[in-house]
Amino acid sequence: MEFHLDRDSSIPLGAQLRGMIEYAITFGALKPGEQLPSVREMADILGVAPMTVAQVYRELKAAELVYSKPGAGTFIADASMLVGSSGLNLDELHQHLDALINCGILLGFSATDLGALVSNRFSERQRQLKKKTVFLIGNFIDSARDYAHCIAETLGEIAVVEATTLTDLRNDELLRQHVSSADLLLTFAHRRREVSQLFPGQALMNISFIPSETTRRSLASLEPLTRTLVVSIFPEFTSLMTHGVARFAPHVTQVTVVHRDDPQLGELLKETDALVYATGAQDLTAQLSEGQISFEYRHVPDAGEIQRVVVPLLQKEILHASNTGDRNENQ
């Protein structure tokens with residue numbers, strides 16, 4: 001990933017760097033295990049003091065977004081390691097299955113009989129287990145609800161997924177009490193610090209997002225000579241939108257990327273053929289004339305990560321709660 005700062009911006013350079021890394025983690029430009037440049041290397045790349053980079057790395061480490069290996073460097077943290085991973089790995093599962101099969105053979109069960117028994121028992125246990133509650137904490141309620149819906153489709157029957165925003169949580173004590181009873185909180189990497197301050201000690205995971213299929217298709221369908229204006233809301237997101245447009249619309253040569261507060265935005269809107277706006281900036285479409293096209297640069301939760309990390313975590317907690325309940329019933 002390329003790192004660069006906007007020295008014309010009023011945002012402090014350290015805050016820009018921290019935001020850039022946080023957004024890159026959220027939207028997949030930086031992957032778990034990937035190494036960041038050393039403090040001195042990053043300082044040389046950006047032309048800032050090493051102490052500025054060192055402070056940013058400390059803040060990211062405190063937010064559990066990166067970790068350090070003595071003598072090796074600084075690396076992007078894996079979200080699954082922050083809340084614990086499943087206690088049952090595949091090898092252990094095979095051991096349990098082997099024990100079940102051995103028992104079934106001794107009792108004279110065929111493979112078909114044993115399979116039917118497992119299937120029926122599995123369905124019965126699913127009905128008995130209490131669904132978990134998951135909250136997706138986003139920036140804008142409409143998009144947060146969409147994200148929660150996507151996550152719910154991936155999780156299936158093991159959890160109910162609700163949505164809220166940081167703004168609503170700060171302003172509504174009853175809502176905070178409701179969210180504090182959730183089994184798991186999900187949010188963006190760049191919002192993890194704020195959410196953890198509201199809910200200290202609660203199970204919290206930052207998840208990755210990827211450009212939606214609709215966004216990728218819309219970018220790919222732009223004509224090569226389309227004058228394209230890309231508008232971000234958060235300054236730290238500008239460089240990632242630039243990277244995304246270059247990736248999915250490499251054939252488009254006239255691309256301008258600006259922040260929502262750019263003083264020239266009004267004039268740029270008049271001159272563009274296509275507006276690509278970040279989630280939350282849809283009101284800009286009202287300023288377009290007939291013939292100008294527009295679409296949202298929308299991200300969706302990475303379903304692969306939800307399956308890999310969130311599902312095993314919730315299943316582990318369900319298993320623990322179920323076993324505890326069984327013991328209580330037998331006492």
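These are my notebook entries on a predicted model, written up by topic.

**Overall look**

I began with the whole chain. I counted 14 helices and 13 strands. Along the principal axes, the C-alpha atoms fill a box of roughly 80 × 50 × 45 Å. Of the 331 residues, 40% are buried. I also checked how far contacts reach along the sequence: taking those between residues at least 6 apart, 67% join residues at least 24 apart.

**Aromatic rings**

Next I went for the rings. I got eight aromatic pairs in the structure. The F27 and F209 pair is tilted, because the ring centres are 6.2 Å apart and the planes sit at 55°; edge-to-face would need an angle over 60 degrees. F27 is in the loop between α1 (13–26) and β1 (35–36), while F209 belongs to strand β8 (residues 209–211), so this pair ties together parts that are 182 residues apart in sequence. I looked up burial too, and both F27 and F209 are buried.

F209 has another partner on my list, Y147. I noted this pair as edge-to-face, at 4.9 Å centre to centre with 65° between the planes. Y147 sits in helix α7 (residues 141–155) and F209 in strand β8, 62 residues apart, which makes this another link between distant parts of the chain. Both Y147 and F209 are buried.

Which residues make up the aromatic cluster? I wrote down Y23, F27, F140, Y147, F188, F209 and F234, which form one cluster.

I then turned to H299, in strand β13 (residues 299–301). Buried or exposed? H299 has a relative accessible area of 5%, so I put it down as buried.

**Charges over rings**

I looked for charged ends above aromatic faces. R191 lies over the face of F234, 5.3 Å from the ring centre, and F234 is one of the cluster residues I listed above. K69 has its charged end over the ring of F75, at 4.9 Å from the centre.

**Cysteines**

How many disulfides does the structure hold? I found zero. I checked accessibility for two cysteines anyway. C103 comes out at 39% relative accessibility, so it counts as partly exposed. C150 is also partly exposed, with a relative accessible area of 26%.

E194 is in helix α10 (residues 192–198). With a relative accessible area of 25%, E194 is partly exposed, since buried would require under 20%. What does E194 touch beyond its neighbours within four places in sequence? I noted L166 and R170. With R170, the side chain of E194 makes a polar contact of 2.7 Å.

**The buried face of α11**

In helix α11 (residues 213–220), I marked T215, S218 and L219 as buried. Looking down the axis of α11, I saw the buried residues fall within an arc of 95°, so they line one face of the helix. What do they pack against? I wrote down α12 (238–248), β11 (274–278) and β12 (293–297).

**Two loop residues**

Most residues other than glycine have a negative phi. E64, though not a glycine, has a positive phi, near 65°. I placed E64 in the loop between α3 (50–62) and β2 (66–69). E64 is partly exposed, at a relative accessible area of 37%.

My last stop was P32, in the loop between α1 and β1, which also holds F27. P32 counts as partly exposed at 43% relative accessibility, whereas F27 is buried. Not counting residues up to four places away in sequence, P32 touches I76, A77 and D78. For P32 and D78, I noted a C-alpha to C-alpha distance of 4.8 Å, with the two residues 46 apart in sequence.

Conventions. Residues are numbered from 1 along each chain as its sequence is written. This is a predicted model: local features need pLDDT of at least 70, side-chain atom pairs count only at pLDDT 80 or more; totals for chains, interfaces and linings use all residues. Side-chain values use heavy atoms; hydrogens and water are left out. Rings of Phe, Tyr and Trp (its six-membered ring) pair if their centres lie within 6.5 Å; planes under 30 degrees apart count as stacked, over 60 as edge-to-face and the rest as tilted. Helices (H or I, at least four residues) and strands (E, at least two) are DSSP runs, numbered from the N terminus. Buried means under 20% relative accessible area, exposed over 50%, partly exposed in between (1.4 Å probe, protein chains only). A charge sits over a ring if NZ of Lys or CZ of Arg is within 6 Å of the ring centre and within 35 degrees of the ring normal. A disulfide is a pair of cysteine sulfur atoms within 2.5 Å. Contact means heavy atoms within 4.5 Å. A polar contact is a pair of N or O atoms within 3.5 Å; within protein, one must be able to donate a hydrogen and the other to accept it, and residues adjacent in sequence count only if both atoms are side-chain atoms. The arc is that of the directions from the helix axis to the C-beta atoms.
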